[in-house]
Amino acid sequence: MRDRDDEWTGLMRSAIAGDAAAYGRLLEAVTPVLRVAARRGLARAGQPVDQSEDIVQDILLAVHLKRHTWDAEAPFAPWLFAIARNKLIDALRRRGRRVFVNIDDFSDVIAGPPAEETVPASEVTSHLSGLPPRQRDVLQSIAVDSESIKDTAKKLAMSEGAVRVALHRGLASLAARLRKE
Amino acid sequence: METERLIRTLALDAGHRQRPVGAVLAVALLLAMPVSVALFMSILGMRPDVRTAMHNPFFDLKFVVTMALAITAIVVSLHLARPEASLRGWGWLLLIPVALIALGIGAEMMMPHQRPWLTRLIGNNARACVSAIPLFSLPLLAGALWALRRGAPARPALAGAIAGLLSAGLGATLYASHCTDDSPLFVATWYPLATAMVVAVGAIAGRKLLRY
């Protein structure tokens, strides 16, 4: 666990320093852990675990949009699990359950493989259509069609800078919509 | 959307730098302060004898207490903006202004007085105090909440309450320069009442606005 936490902290430091590849690797590394924790939380609340991917994506979005609140001198895992716990409680509450989520639910989780039965998450996608047109088009192109920023800019006749701005705003609006739900 | 794609998308947005919450809070308070000062100057203004009042240590103590409240509440606010933070180990900071006013009360008790303590406590401006401090605090509270939305507090209502505390501290600093009641007994009675109103508004607003 200690090695894992140190690795995460190191990756996050690199990410904050501008290493986008380290950031991607970090998000990939934490996702299986978050997935197991989300499943466990749902199972304990008597909810179908196939919704876990929605919660995982919600957590990832929050991690991304709130990463400036992480103190680079502090370990990454407690920060991550605090966000995860918050989002899990939120998700369970939205499903009409009041559940106490213990921090141990996260700290002792070992990464599991993505299970076959996982239904592709639909919450994020379903909110795409409600976004302002520019944000929606940019997110559709980058997140759904897997286009690069460059190609997206060409396709939508926008500057790359404008695509980047729309991308960030789109992610922030998505998170806001998920929260309001 | 598959999680893999979401991760790839987030990594593409990694270059976007968010300003630290502290910097945004500083800007927000600097923008809201002139609004509160304008309200203060147009409605109340400083007391006419402010120059002589400055030689009265109990007049000066009011500013020490209200500024101490504002500063400690700002520090605690910024701490609580982090998702893993709690009041533990930090809450005692908020006792600093309480201790300061308690010292003031003690000091005043030891001085010879013509006016009985109850007269000093009730003062002449109680109503102005409890209505003006919340009024001057509201623009600052709005600014503080707007800034703290960038944070990720585990307990949004608590974070909002502390935002109320910091704006009440600043609002009370303005009001203190108008008020002619300098007795620490007055300050310890009416200022907290006014502050509690702002804290309540902050908590209710924070519950909604500071969720992330």
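Predicted model: local features only at pLDDT ≥ 70, side-chain atom pairs only at ≥ 80, totals over all residues.
## Gly91 of chain B

Gly91(B) is exposed, because 11 other C-beta atoms lie within 10 Å. Residues are numbered from 1 along each chain as its sequence is written, and chains are lettered from A and ligands numbered from 1 in the order in which they are written.

Gly91(B) sits in the loop between helix H4 (57-80) and helix H5 (95-109) of chain B. Its C-alpha atom is separated by 7.5 Å from that of Val76(B), 15 residues apart along the chain.

## Chain B as a whole

Chain B has nine helices and zero strands. Helices (H or I, at least four residues) and strands (E, at least two) are DSSP runs, numbered from the N terminus. The C-alpha trace of chain B spans about 75 × 35 × 25 Å along its principal axes.

Of the 212 residues in chain B, 45% are buried.

## Domains of chain A

Chain A is divided into domain 1 (1-119) and domain 2 (122-181), with bounds from an automatic or database domain assignment. Eight residues of domain 1 of chain A are in contact (C-beta atoms, placed from the backbone, within 7 Å) with eight residues of domain 2 of chain A. On the domain 1 side, helix H3 (residues 52-65) of chain A gives the largest share, seven residues.

Note on methods. Buried ≥ 20, exposed ≤ 12 C-beta atoms within 10 Å, placed from the backbone. Contact = placed C-beta atoms within 7 Å.
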